[in-house]
Amino acid sequence: MFDRIAARYDFLNRVLSFGTDIGWRRRALVRAGIERGHAVLDVGAGTGDLSFAAAARGAHVIAIDLSPGMLAVLTRRSSLEQRSRIRTLVGNAEALPLPDASVDRIVTGFTVRNVGDLGRALAEFRRVLRPGGRAVILELSHPPHATFARLYSFYFDRVAPAVADLLSGDREAYRYLPRSLRPFPEAARLAEMLRDAGFTRVAYERLTFGIAAIHVAEV
Ligand SMILES: C[S@@+](CC[C@H](N)C(=O)[O-])C[C@H]1O[C@@H](n2cnc3c(N)ncnc32)[C@H](O)[C@@H]1O
């Protein structure tokens, strides 16, 4: 599915989120505390927004994604300098093609709700992080306030897929959007899953009335 929408992904993202995703990504990068020379893994890198930002901070980035089409857009968007800092790899978050304790930071944006076995992916994050390493997960979430949640659900379940149909002509891909969020754990539960996977110092902050959240977890 992501291969199919790769060419329109960035445009639709900006429209459907009214641009708020840009600020959320910026916030997630601040929380990641990336330093020059860090090895940073971007899981579900997609078209590369987080990878580019990590590379701009002097990191060596491994951009992993299941979709070769999304990674092809990342490569097309990148300058020669960025290409020297970002290695792309087709791979699955549930079985990362990396050795144990090989990266300093993991960043992942809007990916983990798409993963089949989330517990397994979190265990993989834990495995590949070095001692002192940190994972930062930016993902859509469930707004805690009931009235706002109802309003948001109308937008997310009805309006956003209809707008995406109109702009992209890919009805199925954007019907998937609400379907991917419904079974995804609430923010407190995701924090618990991170602890179960062996992370310490797990914290999260809700963004924009809780429609998204950033989880930070350390090894
Ligand atoms: C909504 S996009 C987000 C892309 C990018 N991180 C961003 O912030 O815009 C989700 C990405 O996760 C990838 N993905 C989904 N399941 C995956 C998995 N199990 N392992 C690796 N990547 C996955 C998809 O191919 C897609 O590129």
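A: A search through the whole structure finds 13 salt bridges, a salt bridge being a side-chain nitrogen of Lys or Arg within 4 Å of a carboxyl oxygen of Asp or Glu. Before looking at some of them, please note that this is a predicted model, in which local features need a pLDDT of at least 70 and side-chain atom pairs count only at pLDDT 80 or more, while totals for chains, interfaces and linings use all residues. Residues are numbered from 1 along each chain as its sequence is written, and side-chain values use heavy atoms, with hydrogens and water left out.

Another salt bridge joins Arg134 to Glu218, with their closest N and O atoms 3.2 Å apart. It too links distant parts of the chain, as Arg134 is in strand S5 (residues 129-140) and Glu218 is in strand S7 (residues 212-218), 84 residues apart. Glu218 counts as buried because its relative accessibility is 17%. Returning to Arg25, salt bridges that share partners join Asp21, Arg25, Asp49 and Arg77 into one network.

Arg25 leads on to the ligand. Of the 18 residues around the ligand, those that come nearest are Tyr9, Arg25, Gly44, Asp65 and Asn92, where a residue is near a molecule if one of its heavy atoms lies within 4 Å of it. This shell divides into eight nonpolar, eight polar and two charged residues; Ala, Val, Leu, Ile, Met, Phe, Trp, Tyr, Cys and Pro count as nonpolar, Asp, Glu, Lys and Arg as charged, and the others, Gly among them, as polar. A polar side-chain atom of Asp65 is 2.6 Å from an oxygen atom of the ligand, a polar backbone atom of Ala93 is 2.9 Å from a ligand nitrogen atom, and a polar side-chain atom of Thr111 is 3.3 Å from an oxygen atom of the ligand. Taken alone, the ligand exposes 600 Å², and the protein buries 97% of that; accessible areas come from the Shrake-Rupley method with a 1.4 Å probe, and for residues only the protein chains shown count as cover.

Asp104, in strand S4 (residues 103-109), is counted as buried because its relative accessibility is 17%. Its side chain is joined to that of Arg130 by a polar contact of 3.0 Å, a polar contact being a pair of N or O atoms within 3.5 Å; within protein, one must be able to donate a hydrogen and the other to accept it, and residues adjacent in sequence count only if both atoms are side-chain atoms. Asp42 lies in strand S1 (residues 39-43) and is buried, since its relative accessible area is 1%. The C-alpha atoms of Asp42 and Ile62 are separated by 6.1 Å, although these residues are 20 apart along the chain.

Finally, Phe110 is found in the loop between S4 and helix H7 (118-128), and it counts as buried because its relative accessibility is 11%. Its phi is near 55°, a positive value in a residue other than glycine. Most residues other than glycine have a negative phi.

Terms used:
Helix = DSSP H or I, 4+ residues; strand = E, 2+ residues; numbered from the N terminus. Buried < 20%, exposed > 50% of the residue type's maximum accessible area, 1.4 Å probe, protein only.
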